Amino acid sequence: SGTSISFGSAAVFENAAIGSTLSATYDSTNQKVVIAYRDAGNSNYGTAIVGTVSGTSISFGAAAVFESAACDYFSATFDSSANKVVIAYRDEGNADYGTAVVGTVSGTSISFGTPVVFADSFSFHFSSTYDSTNQKVVIVYRDLGNSSYGTAVVGTVSGTSISFGTPVVFETASSDYNSAIFDPNNNKIVIAYQDSGNSGYGTVIIGTVSGTSIRFGTAKIF
């Protein structure tokens with residue numbers, strides 16, 4: 001309100017410890033919040049839960065497992081064309097590969113398709129966003145299988161699955177704490193990250209999606 005913010009009461013959505021890399025997104029079709037997290041009370045499995053906001057409070061449905069293995073570094077986004085939630089994560093049960101899964105919200109529950117690998121190497125520091133102009137999901141990550149280079153990949157949701165184009169390097173150095181967002185006014189992907197190859201400086205780069213690929217401009221320090 002104005003230049004201030006007030007809060008309702010906190011609500012517990014999981015009665016167990018969770019990982020530090022949980023991620024939330026908003027399903028604008030079903031008007032629900034979806035939270036993805038690591039459930040330490042259930043073997044650290046990848047888990048998601050649907051929340052419903054009412055006034056200044058939020059209530060939750062039953063938690064649903066999307067990966068029956070330890071997972072972390074979650075990043076969730078909503079594909080408003082397909083009306084699906086996409087969750088990217090590191091699958092510790094499969095050599096720490098970068099993996100994504102498509103979720104469908106129904107009421108206060110969520111169901112999932114089969115997980116798909118988008119990076120067949122140890123990957124983390126994921127950030128995902130949805131390009132509403134091209135109707136594509138873009139996932140950004142640090143690829144330890146390729147010298148920890150900052151990398152991005154374009155995903156296409158179809159039904160309850162997702163397919164990916166060829167990964168594209170945007171930083172030939174270690175990119176940490178990646179954060180990606182879509183600029184609908186300019187139809188561009190904006191990626192902010194810590195460039196560990198340049199004294200850890202805060203850096204930003206602009207990407208343009210074309211088909212199932214993405215191309216980048218010149219990175220700039222901010």
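This report describes the overall build of a predicted model and then a few of its residues.

## Basis of the model

Because the model is predicted, local features are given where pLDDT is at least 70 and side-chain atom pairs count only at pLDDT 80 or more, whereas totals for chains, interfaces and linings use all residues. Residues are numbered from 1 along each chain as its sequence is written, and side-chain values use heavy atoms, with hydrogens and water left out.

## The chain as a whole

The chain has 17 strands and zero helices, where helices (H or I, at least four residues) and strands (E, at least two) are DSSP runs numbered from the N terminus. Its C-alpha trace spans about 45 × 45 × 35 Å along the principal axes. The radius of gyration of the chain is 17 Å, which agrees with the value near 17 Å for a compact globule of 222 residues; this radius is taken over C-alpha atoms, and the globule rule is 2.2 Å times the number of residues to the power 0.38.

Of the 222 residues, 45% are buried, a class that means under 20% relative accessible area, with exposed meaning over 50% and partly exposed lying in between (1.4 Å probe, protein chains only). The chain exposes about 10,200 Å², of which carbon and sulfur atoms supply 46%; accessible areas come from the Shrake-Rupley method with a 1.4 Å probe, and for residues only the protein chains shown count as cover. Among contacts (heavy atoms within 4.5 Å) with a separation of 6 or more, residues 24 or more positions apart account for 39%.

## Asp-72 and Arg-90

Asp-72 is found in strand β5, which covers residues 64-79, and Arg-90 is found in strand β6. Asp-72 counts as buried because its relative accessibility is 11%, and Arg-90 is also buried, with a relative accessible area of 11%. Their side chains make a polar contact at 2.8 Å, a term for a pair of N or O atoms within 3.5 Å in which, within protein, one must be able to donate a hydrogen and the other to accept it, and for which residues adjacent in sequence count only if both atoms are side-chain atoms.

Leaving aside neighbours within four places in sequence, Asp-72 is in contact with Thr-21, Arg-38, Tyr-89, Arg-90 and Glu-92. With residues up to four places away likewise not counted, Arg-90 touches several residues, including Cys-71, Tyr-73, Asp-96, Phe-122 and Phe-124.

## Loop residues

Most residues other than glycine have a negative phi. Ser-43, however, has a positive phi near 60°, and Asp-96 has a positive phi near 65°. Ser-43 is found in the loop between β2 (32-39) and β3 (45-54) and counts as partly exposed because its relative accessibility is 48%. Asp-96 lies in the loop between β6 (84-91) and β7 (97-106) and is buried, with a relative accessible area of 18%.

Leu-144 has its place in the loop between β10 (136-143) and β11 (149-158) and is partly exposed, with a relative accessible area of 36%. Apart from its neighbours within four places in sequence, Leu-144 is in contact with Phe-122 and Phe-124. Leu-144 and Ala-119 are 25 residues apart in sequence, while their C-alpha atoms are 9.9 Å apart in space.
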